Amino acid sequence: MLFTDLLIGFLSIMLPGFFLALGLLKKTKLNLFEISVIGFIFGMIFPPMLTWTESYFRDIIHAFSFSAGLYNINVILLTIIGIAISYQQGALDLSFLKKKVSSSKSNSRVITEINASARERITHLRKQFSSAELDMTMVKAHEKEEEDLVKRNSDEIEALKKKGAGSEELEHVKKSHIEEENRLISEHEREEKHFLSSGKSTAEKSSSSDSRKWAYVVWGILFAIMLITFASRIINIGNSPKYFEFDPYFDMLSTRQILAYGYQFRLDYSAWPVNNGTTDRIQPLIPYLEAYWYRIADTHPSSSTISTNLLSLVSSYYPPITAALLVFIVFMFVYHEYGSLPALTAAALVATMPTLITTFIAGEQLLEPWGIFALFFMVAAYSLAVKNPKEKRYAILAGIAFASNFLGAHYYNVTAAVLALYILVQGILDTLRKKSSIDFFKSNGIMLLVIIIFYVIYAPYNATLTNRIPSILGIPTIIGFPLIAFIAALIFEYLPMYLEKYKLLKRTTVNDLVVRIGLLVLILALAVLSPLSKPITSFLALASHFTTPSTPLFMTVQEYVTTGAGFNFGSAGFGVIGAAISGFPITVWIILVLFGIFTIYDIFVKDSRSAIFTFVMVAVLTVAGMSEIKYLPHFGVAYIIALGIVIGELYIFIKKLEPSKRQIATYALIAIILIAIIFESVSMLSTFTAYGKSCNNVTNVVAATMYCNTLTNQWLNALSWMKSNIGPHAPRILAWWDYGDWINWFGNSNAVIRGDNAVATLDYNVAAHFVLGNKDGYNATRLASFMDNTAQAGYLLFDNQLVQKWSALDFLACVDINQTSRAYAISQGVQYNQPFLIGTSPCETAHDPVDIAIPEQPTINQYCSFSNTTTAVQGLALVGETIPNVLNSSYCVSTTPNSNGVLDVYNENGTKTNIVLSTNYILGNLQGPNGQTLLEFFAIYLPNGPNDTITNAPTEFYSSTYYKGFFFGKLPGYTLVYPENFSGINMVNSSNQVMILKLNNYTGKLPYIPPKPSWVHNNYTIPG
């Protein structure tokens, strides 16, 4: 059954995609393997896109609600359209369906050749050179000669127009130009055919045959790398239904909605804001693709409940697939500029870089894998258009690739920035160099038109973050900026010409330059001083929203941790190709500097268009990667491309050496490449060798992430209890925002806050209710009022990880009551040479817990002397999460834990305190005054007064609702409902990771549940 499901899934992608790609790209220089893989990409775009587009009309035509049958019809329809386009373009041989007229005319290739234009014929011919990897020297010389002729003819037409030539004269000249160009192409065609066939010497034929064989080897190696890449990411699929992440479960909620309701909700009520709903309609491609995969894999379609396990499993195929496609995309980008050796190197490094393994593994089925892949799909496709501006098919491909960024993810800010910068820079340079840019503008105009068409379809969808995109005169900046750059480049070139036409300027080199400089100054003034500055600053603010901690909330999120130019990229996921010396990323900077030197040389000496584009792309992604840790995978791919280009340039230099030196240098370069790939492959190999091992024996970080980073059984049991005992018809569950997605997904219940952070101020308010105590006016009564009257929450969830996340909650709680701020955190960071530093304000330190640090290997002088027989070592009581201060140094900690792993704490005189340490709460290691390693324990203060009060609590932490609810399971007005039959003190006589309390006498509203449309005929229900 699995094989059948996989086959159906594969064919639903490959059949429509291949024929659509064949019709578009067969007449380009791309070979059949490249067209086939691009066809597979098309198959992941167009069927889900068509199914989603049809959902706009579901209220009118109910059959357009999602179903497997509708998706299958769309696959068949797109396949037929693809075949028709392929046939119409002469890319498909259907002559076997026709009755033979004569033997001489039976071959459709001959018919195609006769009917095709000279330009089409020679394009097909040159494709044979490219696919066979033959010497392209003669071809490049011919192409240069043809381009020069077109330039001369174009200049002649422009000169005639200026002289006022009539249309009849212009048509006559154009006709003669076409005849002249066709004659030249025909001559070149004869020479190139002669080279390919009978005109070659035996040695040349042998060389050609060897080249063809090598080409097959190259594509075979690439395909093998792609398969290994997929296998290394999918091998942990068994863990994907319980993978320890938050965002994937949020993203799959959209897929679940499609399956049950036939479309994605625009507003979802399963989290805050509770009355108006939050926009969680994620970009449509992946959810519709996953929904179809689920339908063909579901062996119990009559079941009324969607299996979250099965949905996780089928969704887990998508990240490894995009990982394999990313390998191909990077190969294609480098291959068409530098050939097979640098391209295969880059492909192998994409397959083996540690951060690019963990980002694309089964379990990470959020939108990031598609976002990274789509970004570089656009980069590779547009690079082809840049190198071949006359081939408009590449422009269409680039437009589709760009559209896949906003149809499948929300990484379009980087894409738009790269595209706009390149168009502007290239247009200005072409003008200053007095190069013909007609094809440049035509190519970019076609691409922009394709993007606009796709965006017009997408805009009414109102996906998450769409409403945050600023606009210019109603045009969203993700289109507006490339469009403005295009128009600015166009005006920059043609403004002097039109000023002269209307007798406003006498054209000279100096006058042209003055006018153009004035134009740039005007554009800059408009961008800074006019109303246009608002969408520009809004766009930059949106970009900084994803590259800087722009709010207090983002200062507490791990993925927004800053990196910087001195960040150790090697240890953070780049592996050996990012190796550092003394923590400084020397290898990364050497590669980037060499890349900069080579590309700048290519730009100004070789007049390379593609070098400009590559430089802009790598520069933008380097800035992102050196801003925040979440952009390491994006920067990692760009860095590998830069490395591939460095290898390509070195290989070109080596080819110019004399034979003896050339051979030695070639072997040396290949040896370095192989060594780097071998060392980089350690992490990838561990994904296979660690399979089935106990996590205690898995030492590789990548393998541990794949196999051991899963939800604990305690958490899964708590979520299962939630699903059975609370569910979607009950009041919401209030927990810290990290767990909102789990509550929705595993618990099938409604949360208050979750990972989409729809209203950040609510996160601050919840933190205040968890962190603050009586002195700040917060207590269980105030929390109950908030839950009952505001949050629709009847349940309260606390977990053990909040102790380790306390600095985040503490900071946000103090922000909520205006006792610290983002500005204060930034000012504190300046003192410690960091972008920001939280945890230093008086409010935060007043609410920090106490930790006690003891020597891991105490010396004889660090043991305490008691009159009793207890063996204890000296401990330091510390307070302050960021910069710990010694609170008390006179404690003695027992070295012998009880059966629950609890250590007693004594005063120096041997009297027992009400403090205990749990071996379940070893928070980490500290460096002691003499370089000694100290173990840091969380200090649990036991009640020592009436009504479970703590009379000697050193900080406000011990009066917080979190401390009372999690450790004692007691809050006035609440009843502990999970775990059942709990008594005592948590982490002292038990070790419950999750505690759930129910608000007594809840009187608030119940969450709104959207009704299922009557015309949706499936058995799936949400809630189940």
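## A cavity and its lining

F333, E337, Y338, S383, K387, T599, D602, S608, S610, A611, T614 and I645 line the second largest cavity of this predicted model. Here a cavity is a set of points, on a 1 Å grid over the protein atoms alone, where a 1.4 Å probe fits but cannot get out, and lining residues have an atom within 4 Å of a point. The volume of this cavity is about 100 Å³, where volume is the space filled by probe spheres set on the points, with grid points joined across faces, edges and corners. Searching the whole structure turns up 4 cavities of 30 Å³ or more.

Four helices, α12 (318-338), α15 (368-387), α23 (586-604) and α24 (609-625), each give at least two residues to the lining. Helices (H or I, at least four residues) and strands (E, at least two) are DSSP runs, numbered from the N terminus. Sorted by class, the lining holds 4 nonpolar, 5 polar and 3 charged residues. Asp, Glu, Lys and Arg count as charged, Ala, Val, Leu, Ile, Met, Phe, Trp, Tyr, Cys and Pro as nonpolar, and the others, Gly among them, as polar.

## How to read the model

Residues are numbered from 1 along each chain as its sequence is written. This is a predicted model, where local features need pLDDT of at least 70, side-chain atom pairs count only at pLDDT 80 or more, and totals for chains, interfaces and linings use all residues, while side-chain values use heavy atoms, leaving out hydrogens and water.

## A barrel of strands

Now let's turn to the strands. In the order β7-β8-β9-β10-β11-β12, 6 strands close into a barrel with antiparallel pairing; two strands pair if DSSP finds at least two bridges between them. On average, neighbouring strands of this sheet are turned by 45 degrees against each other, direction ignored.

Strand β10 (residues 902-907) pairs with β11 over 4 bridges, and L903 has L917 as its bridge partner in β11. These two strands form a hairpin with 4 residues between them, and G910 in the turn has a positive phi of about 95 degrees. Strand β11 (residues 912-927) is joined to β12 (residues 933-941) by 8 bridges. I922 is partnered with F937 of β12, and Q927 stands opposite T933. In the hairpin of β11 and β12, 5 residues lie between the strands, and G931 in the turn has a positive phi of about 80 degrees.

## An exposed residue

F3 sits in helix α1 (residues 2-25). F3 counts as exposed because its relative accessibility is 64%, and exposed means over 50% relative accessible area (1.4 Å probe, protein chains only).

Terms used: Axes are lines fitted to C-alpha atoms, for helices over the stretch in contact, and angles run from 0 to 180 degrees between N-to-C directions. On a 1 Å grid over the protein atoms alone, a cavity is a set of points where a 1.4 Å probe fits but cannot get out, and a pocket is an open set with protein on both sides within 12 Å along at least five of seven lines; lining residues have an atom within 4 Å of a point. Buried means under 20% relative accessible area, exposed over 50%, partly exposed in between (1.4 Å probe, protein chains only).
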